[in-house]
Amino acid sequence: MSPQDGNQSQTPLIDHLIELRSRLLRAMIVVVVAFAALYAFSNQIYTFVAEPLMALLPPGSQMIATEVASPFLAPFKLTLIVSLFLAIPFVLYQAWAFIAPGLYAHEKKLALPLLGSSVLLFYGGAAFAYYVVFPLLFQFFTTAGPADVQVMTDINAYLSFVLKLFLAFGIAFEIPVATFLLVLTGVTTVQALSAKRPYVVIGCFIVGMVLTPPDVISQTLLAGPMWLLFEIGILFARLIRRPRGGRDDVEMDDTDS
């Protein structure tokens with residue numbers, strides 16, 4: 001708890017729990033409202049997500065459902081996840097509003113840009129997966145098998161597959177924020193990260209090899225942006241100016257401000 005917010009430290013624990021419950025309820029209500037608004041379009045949302053695969057299948061092809069409830073549950077599950085996906089900025093704002101009184105002024109200045117950047121980068125990773133990776137990935141999968149095998153994907157299996165990729169690429173695109181935080185917190189330095197650049201490049205290609213088909217083009221399409229994002233993280237980390245006296249001086253500055 002920051003010194004300038006000394007009155008906050010006197011707040012009883014029960015008040016913090018009440019506020020936490022209120023923030024969680026607000027976040028849940030927004031997710032539920034978003035879900036209620038989108039549910040009528042759940043089938044269209046599933047069709048949109050399935051488009052990268054369906055566009056590569058022969059005319060007249062369709063997905064199948066191997067379980068009785070799959071035609072209902074798969075679009076339902078997808079709509080719920082999309083609702084959470086869209087509500088993430090508000091959910092993070094509620095988390096920020098809860099913890100902000102306990103932060104120092106210099107931490108508050110960094111927290112909001114980092115939260116905003118994290119959300120935008122995660123959205124960017126998901127969009128990159130949908131528009132760049134999926135077409136390449138499904139092009140490979142639909143042409144790599146024997147000629148007499150017809151592709152008829154189960155809707156649940158497809159949904160699980162693409163959700164994992166959305167999550168993987170969303171997290172991978174958080175590299176600049178992770179790099180910045182590692183330097184900011186003193187875990188490592190820009191010089192140390194720069195010295196490990198060859199290993200980072202190899203690591204990016206290994207991740208690309210795991211997440212994409214075994215061809216050079218798609219691996220490079222993932223490894224290249226990851227490396228670029230790592231360099232962007234280092235670039236922003238160079239802008240960090242550490243106080244000469246460490247954290248104690250920062251605390252004093254915050255108190256004086």
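**Entry 1: ground rules**

I worked on a predicted model, where local features need pLDDT of at least 70, side-chain atom pairs count only at pLDDT 80 or more, and totals for chains, interfaces and linings use all residues. I numbered residues from 1 along each chain as its sequence is written, and side-chain values use heavy atoms, with hydrogens and water left out.

**Entry 2: the chain**

I looked up the secondary structure and found 11 helices and 0 strands. Helices (H or I, at least four residues) and strands (E, at least two) are DSSP runs, numbered from the N terminus. Read from the N terminus, the order of elements is α-α-α-α-α-α-α-α-α-α-α.

Of the 257 residues in the chain, 34% are buried. I used "buried" for under 20% relative accessible area, "exposed" for over 50%, and "partly exposed" for what lies in between (1.4 Å probe, protein chains only). The chain exposes about 15,400 Å², and 71% of that comes from carbon and sulfur atoms. These areas come from the Shrake-Rupley method with a 1.4 Å probe; for residues, only the protein chains shown count as cover.

I then took the contacts between residues at least 6 apart in sequence, and 82% of them join residues at least 24 apart. Contact means heavy atoms within 4.5 Å.

**Entry 3: H4 against H6**

Two packed helices are described by the angle between their axes and the distance between the axes. For H4 (residues 70-99) and H6 (residues 155-172), I noted an angle of about 20° and axes 9 Å apart. Axes are lines fitted to C-alpha atoms, for helices over the stretch in contact, and angles run from 0 to 180 degrees between N-to-C directions. H4 and H6 are therefore roughly parallel to each other. The cut-offs are under 35 degrees for roughly parallel, over 145 for roughly antiparallel, 65 to 115 for roughly perpendicular, and oblique for the rest.

H4 passes H6 in a left-handed crossing. A crossing is left-handed if the near helix is turned anticlockwise from the far one by less than a right angle, and right-handed if clockwise.

On the H4 side I listed Ser70, Pro71, Ala74, Lys77, Leu78 and Ile81, which meet Ile155, Asn156, Leu159, Ser160 and Leu163 of H6. The residues of this contact divide into 7 nonpolar, 3 polar and 1 charged. Ala, Val, Leu, Ile, Met, Phe, Trp, Tyr, Cys and Pro count as nonpolar, Asp, Glu, Lys and Arg as charged, and the others, Gly among them, as polar.

**Entry 4: H2 against H4**

H2 (residues 13-38) packs on H4 at an angle of about 150°, with the axes 8 Å apart. That makes H2 roughly antiparallel to H4. Their crossing is right-handed. I noted 17 nonpolar, 4 polar and 3 charged residues in the contact of H2 with H4.

**Entry 5: single residues**

Ala87 lies in H4 and is buried, with a relative accessible area of 4%. Not counting residues up to four places away in sequence, Ala87 touches Val30 and Val31. I also checked Ala34, 53 residues from Ala87 along the chain, and the two C-alpha atoms are separated by 7.4 Å.

Val32 is in H2 and counts as exposed at 52% relative accessibility. Val32 and Ala87 are 55 residues apart in sequence and 9.5 Å apart, C-alpha to C-alpha.

Ser42 belongs to H3 (residues 42-54). I found Ser42 buried, at 8% relative accessibility. Leaving aside neighbours within four places in sequence, Ser42 is in contact with Pro75 and Thr79.
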